[in-house]
There are 4 protein chains.
Amino acid sequence: MDKKIFIPIILGTAREGRESEKAAKFVFEETKKYGFETEIIDVKDYASPVTWSMDPAIKEKISAKIKNASALIIVAPEYNHGYPGELKLFLDNFYEEYFYKPLGICGVSSGPLGGARMVEQLRMISIEFHMTPIREAVYFSSIKNLFDEKNNIKDPAYSERVKTMLKQLESSMRN
Amino acid sequence: MDKKIFIPIILGTAREGRESEKAAKFVFEETKKYGFETEIIDVKDYASPVTWSMDPAIKEKISAKIKNASALIIVAPEYNHGYPGELKLFLDNFYEEYFYKPLGICGVSSGPLGGARMVEQLRMISIEFHMTPIREAVYFSSIKNLFDEKNNIKDPAYSERVKTMLKQLESSMRN
Amino acid sequence: MDKKIFIPIILGTAREGRESEKAAKFVFEETKKYGFETEIIDVKDYASPVTWSMDPAIKEKISAKIKNASALIIVAPEYNHGYPGELKLFLDNFYEEYFYKPLGICGVSSGPLGGARMVEQLRMISIEFHMTPIREAVYFSSIKNLFDEKNNIKDPAYSERVKTMLKQLESSMRN
Amino acid sequence: MDKKIFIPIILGTAREGRESEKAAKFVFEETKKYGFETEIIDVKDYASPVTWSMDPAIKEKISAKIKNASALIIVAPEYNHGYPGELKLFLDNFYEEYFYKPLGICGVSSGPLGGARMVEQLRMISIEFHMTPIREAVYFSSIKNLFDEKNNIKDPAYSERVKTMLKQLESSMRN
C-alpha cells in the first residue's frame with residue numbers, strides 16, 4: 001500500500017483527572033507501531049460550549065481530519081453506563097464525514113467491566129452515522145491500577161488486543 | 001396527602017432552535033393541571049462547560065431541587081439515536097439525589113419514532129442512578145408539525161398520554 | 001455484475017397469528033423486483049426445540065444458505081421491546097457464516113414505533129457476529145392496518161423505504 | 001415481617017452443558033441463607049416449543065408462582081451480547097404477573113465481562129413488563145473457572161455481591 005492509512009483516535013472525555021488519557025496514549029503508540037498514521041483528537045481541546053456553537057474554523061479543521069481518515073478509534077470512559085456528554089457533543093457536530101468508516105471503540109472503567117455498556121451505546125450512535133462498528137473492542141478495566149507510575153501498561157495482553165482491533169479495522173476499510 | 005408532590009421537568013437540550021422546549025412546556029402545563037408542583041430545569045441555563053466544573057453554588061441549588069423531588073421527568077430530543085451531550089453532562093453531576101425516584105421520559109423527534117432509542121439509552125443510565133424508570137413514556141413524533149403557531153398542541157391525544165405517565169409516576173413513588 | 005446477488009430474508013417469528021409474515025412477503029417481492037435473488041427463511045420451519053439441538057442436516061443446509069448470501073435481511077416483530085426468542089435461538093446456531101455480511105433489519109409492531117427497540121437490540125447482536133448492520137432500517141408500524149384484505153400494502157411509501165435499504169445493502173457488500 | 005418473602009430464581013438457559021446452572025444454585029443457596037423463600041424455575045423444564053403454545057396447565061402454575069413473588073431474580077448467560085432465546089420465549093408468556101416487582105439480574109459469561117450486555121438488554125425488556133430493574137446486578141465472569149469440582153464457588157466475594165443485590169431487592173419491594 002502506497003498511501004499511508006490515517007486513523008485518528010478521539011479521546012472522549014474532558015473530565016478533570018481523567019484516566020482515559022493514559023489508555024488513549026497507549027492506543028496511539030500501538031497504532032503507530034502497527035504502521036498507521038494517527039493522532040489524538042482530544043475533545044477537551046475542541047469541544048464547544050454546551051450551546052452547540054463550535055467555532056466554524058475549528059469545526060472545519062476537524063471535519064477535514066475525519067473525512068481524511070480511513071477508520072476511527074474512540075477511547076472513552078463509561079460514566080453511569082453511558083458515554084460522556086462532551087463526547088456526544090463533539091460527535092454530533094459531524095455527519096457525512098463518518099460515512100462508511102469502520103469504528104473501533106476502546107472502553108475505560110475503574111471497575112472490572114471495561115466500559116462495556118458505553119461501547120454498546122456508542123455503537124448504536126455510530127450506525128446512525130453510517131459507520132461500521134467492528135466487533136473487536138478493547139476493554140480497559142480497573143484503569144486506576146492498569147498503568148505504572150511511568151504510565152506503562154502493566155498487563156502486556158493489551159498490546160495484542162489493540163492489534164486485533166487494528167487488524168479488523170484494516171480489513172473493514174472500503175478502499 | 002397533605003404535602004404537595006414536586007416533580008421537576010428537566011429540559012435536556014441546549015441546541016439553538018430546539019423544538020423540545022414546546023414539548024417541555026406542554027408537559028409542564030399538564031403536570032400542573034394534574035395537581036403536582038413542578039418547574040422546568042433547563043440544561044441550557046445550568047449546564048456547565050465541558051470541563052465538568054459546574055459552579056458549586058448552582059450545583060448545590062439543583063441538587064436540593066432533585067433531592068426534594070418525588071419523581072423526575074426528562075423531556076429531550078433524540079440526536080443520532082442517543083441523548084444530547086449537554087443532558088448527560090448535566091445528569092452526571094448528581095448521584096445520590098436520584099436514588100429511588102421514579103423517572104418518566106418524554107422523547108422528541110422530527111421523525112415518526114418519537115425518540116424511542118434515546119428513551120431506552122436514558123433508561124439504562126437511570127438504573128445506574130438507582131432510579132425507577134417507569135414503563136409509560138411519551139413519544140413526541142414529527143415535532144415540527146405537532147404545535148400550531150401559538151404553540152398549542154394539535155393532537156389532543158398527548159394530554160391523555162402525559163396523564164398516563166403522571167399516574168404511573170404517582171403510583172411508583174416510595175412515600 | 002454477472003453472478004446473481006443472493007439476499008435471504010429471515011422471518012423471525014413463529015408466533016400463532018403472526019403479522020410479520022405479510023411484511024416479510026412484501027420485502028421478498030421488493031427484493032426480487034430490485035434484481036436480487038432471495039428466499040424467505042422462516043424460523044417457524046427450522047427453529048429447533050429450546051434445547052438448542054437443531055437437526056444437523058437442517059443446520060448444514062441453512063449454514064450453506066447464509067454462507068452463500070451477500071447480505072442478510074431480518075424481518076421480525078418487537079415483543080416487549082426485544083426480539084422474539086425463537087429468532088435468537090435460530091441466530092445463535094451460526095457464527096462464522098455471518099462474517100462481514102451487511103445486515104438490514106425490518107421491524108414490525110402493532111403500535112406506531114415500528115419495532116425500533118428490537119432493531120437496536122438485534123444490531124448489537126449482529127456486531128458480535130462480525131456483521132455490518134446498516135443504517136437504513138424499515139419500520140413497519142401499525143401492522144394490523146397496514147395491509148388490505150388481499151395482503152397488499154396500503155402505504156406506498158414502504159416500497160421506497162425497502163429500496164433505500166436494498167441500495168445500502170448493495171453498497172455495503174464486500175465483493 | 002410475618003409473611004415469608006418469596007423470590008423465585010429463573011434459570012434462563014436450556015443449552016446443553018450450560019454453566020449458568022452452577023451460578024443459579026449458588027444464588028439459590030445465598031437467597032435461602034438471607035432468609036427468603038426461593039425456588040429455581042428452570043426454563044429447560046417449562047419452556048415451550050417455539051410455536052409459543054405453552055401447555056395451559058403449566059402456564060397457569062408458573063403464572064401463580066410469579067404473581068406470588070415479591071421480587072424476581074434471573075440468572076442467565078450472555079450469548080452473542082444478548083439473552084438466550086429460550087429465556088425470552090419463557091418471559092414473553094407472562095405480563096401482568098410481573099407488574100411492579102423488583103428484578104435482580106445475574107449475568108454469566110465465559111469471558112471477563114460477566115454478561116453485562118445481556119443484563120442491559122433484559123433490563124429494557126423488564127421495564128416494558130412494568131418491573132423495577134434494580135441497580136445491583138451480579139456479574140459471574142470466567143464462569144468455567146469460577147467453581148471447583150464440588151461446585152463450590154472459588155471467589156468468596158460473590159456471596160457479598162448476591163447479598164447486596166438481595167438487600168436492594170428487599171428495599172425496592174412495594175409491600
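A residue counts as buried if 20 or more other C-beta atoms lie within 10 Å of its own, as exposed if 12 or fewer do, and as partly exposed in between, with C-beta atoms placed from the backbone. By that count, 49% of the 175 residues of chain A are buried.

The model is predicted: local features need pLDDT of at least 70, side-chain atom pairs count only at pLDDT 80 or more, and totals for chains, interfaces and linings use all residues. Residues are numbered from 1 along each chain as its sequence is written, while chains are lettered from A and ligands numbered from 1 in the order in which they are written.

| Item | Value |
|---|---|
| ipTM of the model | 0.94 |
| pTM of the model | 0.96 |

Chain A has six helices and six strands, where helices (H or I, at least four residues) and strands (E, at least two) are DSSP runs numbered from the N terminus. Their order from the N terminus is β-α-β-α-α-β-α-β-α-β-β-α. The radius of gyration of chain A is 15 Å, close to the 16 Å from the globule rule for 175 residues, so the chain is as compact as a globular protein of that length. That radius is taken over C-alpha atoms, and the rule is 2.2 Å times the number of residues to the power 0.38.

Seven residues of chain A are in contact with seven residues of chain D, contact being C-beta atoms, placed from the backbone, within 7 Å. On the chain A side, helix α5 (residues 116-128) gives the most, with three residues.

The largest nonpolar core has 99 residues, and A:Ile74, D:Val27 and D:Ile74 are among those with the most contacts inside it. Such a core is a set of buried Ala, Val, Leu, Ile, Met, Phe, Trp, Tyr and Cys residues joined through C-beta atoms within 7 Å. Beyond its neighbours within four places in sequence, D:Ile74 is in contact with residues including D:Ile10, D:Leu103 and D:Leu122.

D:Leu122 is also one of the buried residues of α5(D). Twelve of the 13 residues of this helix are buried, so α5(D) is largely enclosed by the rest of the structure. Just after α5(D), D:His130 has a positive phi of about 60 degrees.

Technical notes: Contact = placed C-beta atoms within 7 Å.
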